[in-house]
Amino acid sequence: MPYTPIEIDREKLTIMGVLFPDLDTLESISQAIGSNMFEGFQPTRKSIEIIRDYCLGELTIEQLVVIANEKSYEE
């Protein structure tokens, strides 16, 4: 599957419309997402929300495992 760029708005601090608290967090997460996209990851708005929330400490690793097992990151 070919690499498809995602929408990143550094002025509005959003990735695919998902709001981030600051530019450093947005940049860090967008780089991680981009690296994984080259390995075949296809982000959805929901998956970006989950990644953001985990990185900000709003989700525990246990909650992340449940989300992954249930595949509730898909839209």
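Reader: What are the ground rules here?
Author: This is a predicted model, where local features need pLDDT of at least 70, side-chain atom pairs count only at pLDDT 80 or more, and totals for chains, interfaces and linings use all residues. Residues are numbered from 1 along each chain as its sequence is written, and side-chain values use heavy atoms, with hydrogens and water left out.

Reader: Why does Ser-30 count as buried?
Author: Its relative accessibility is 9%. Buried means under 20% relative accessible area, exposed over 50%, and partly exposed in between (1.4 Å probe, protein chains only). Ser-30 is therefore buried. It lies in helix α1, residues 23-37. Helices (H or I, at least four residues) and strands (E, at least two) are DSSP runs, numbered from the N terminus.

Reader: Why is Ser-35 called partly exposed?
Author: Ser-35 is also in helix α1. Its value is 46%, so it counts as partly exposed.

Reader: What does Ser-30 contact, leaving aside its neighbours within four places in sequence?
Author: Ile-8 and Ile-15. Contact means heavy atoms within 4.5 Å.

Reader: Which residues of α1 are buried, and what puts them on the same side?
Author: Thr-25, Leu-26, Ile-29, Ser-30, Ile-33, Gly-34 and Met-37 are buried. They cover an arc of only 155° around the axis, and therefore sit on the same side of α1. The arc is that of the directions from the helix axis to the C-beta atoms. On the other side, Asp-24 and Gln-31 are exposed. Cover for the buried residues includes β1 (8-9), β2 (14-15) and α2 (45-55).

Reader: What makes up the largest nonpolar core?
Author: It has 10 residues: Ile-6, Leu-13, Ile-15, Val-18, Phe-20, Leu-26, Ile-29, Ile-33, Met-37 and Ile-48. Helix α1 gives the most, with four residues. A nonpolar core is a set of buried Ala, Val, Leu, Ile, Met, Phe, Trp, Tyr and Cys residues joined through side-chain atoms within 4.5 Å.

Reader: Why is the protein as compact as a globular protein of that length?
Author: The protein has three helices and three strands. Its radius of gyration is 12 Å, close to the 11 Å that the globule rule gives for 75 residues, so the description holds. The radius is taken over C-alpha atoms, and the rule is 2.2 Å times the number of residues to the power 0.38.
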